[in-house]
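Please work through the following exercises on aromatic rings and their surroundings. Each task is followed by a stepwise solution.

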Amino acid sequence: MNKAQLVEAIADKLGGRQQAADAVDAVLDAMVRAVVAGDRVSVTGFGSFEKVDRPARYARNPQTGERVRVKKTSVPRFRAGQGFKDLVAGTKKLPKGGEVSVKKAPKGSLSGGASATVKKAAAKKATTAKKAAAKTAVAKKTTAKKVVAKKVVAKTAAKKTTATAKKATATAKKAATTAKKTTPTAKKTAPAAKKATAKTTAPAKKTTARKTTAKKTTARKK
């Protein structure tokens, strides 16, 4: 019998399931609080609940057999009353007229419903966690793809820049070669120009000299 079944068993006598649940909760809460405070809860014919202090001691680990130090602690203890013992042993019979029929806890009632709710909540959390993990994985993949794309673009830009620099260097080399070729040609044409100038000026000088001589001759004749 669990708590829900206990509530259902006494619901008819207490006027409903909610009243029975409240009564059970109130009784258990009062007993637990009393025991925690160090009081002894004794129910005649049923038993007593009390707090027992256990001193520090040594115990053995059942799996390894190793000796383990156990700290001082307190534990609750239940001692069944003599009437309860006799009824369980069969030396006494249960009184008639106060029978309580034990029913199965219906769906959605107290512990049964609570456990189902807990399971549903756990399932929802697991589903949410899976979805979150999937979203995180997708985000990581997308980020990785973007990083790879950026690297590829950067490499392409670097290659283009290098190619442009190479072309500019080649053009500069060609211009330098052309300049070297034109320099000897200019040197060759300079002497030729000087010779041509000398040739043109020489006849002019001779003609001027002839004219001067003719003028002198004419003056003498007069």
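A charge sits over a ring if NZ of Lys or CZ of Arg is within 6 Å of the ring centre and within 35 degrees of the ring normal. The model is predicted, so local features need pLDDT of at least 70 and side-chain atom pairs pLDDT 80 or more, while totals for chains, interfaces and linings use all residues. Residues are numbered from 1 along each chain as its sequence is written, and side-chain values use heavy atoms, without hydrogens and water.

**Exercise 1.** Determine which arginines lie over the face of tyrosine 58.

Solution. Arginine 67 lies over this face at 4.1 Å from the ring centre. Arginine 69 also lies over the face of tyrosine 58, at 5.1 Å from the ring centre.

**Exercise 2.** Classify the ring pairs that phenylalanine 78 forms with phenylalanine 46 and with phenylalanine 49.

Solution. Rings of Phe, Tyr and Trp (its six-membered ring) pair if their centres lie within 6.5 Å; planes under 30 degrees apart count as stacked, over 60 as edge-to-face and the rest as tilted. The count comes to four aromatic pairs. For phenylalanine 46 and phenylalanine 78, the centres are 5.4 Å apart and the planes at 45°, so this pair is tilted. Phenylalanine 46 and phenylalanine 78 are 32 residues apart in sequence. For phenylalanine 49 and phenylalanine 78, the values are 4.6 Å and 35°, so this pair is tilted. Phenylalanine 49 and phenylalanine 78 are 29 residues apart. Finally, Phe46, Phe49, Phe78 and Phe84 form one aromatic cluster.

Key: Helices (H or I, at least four residues) and strands (E, at least two) are DSSP runs, numbered from the N terminus.
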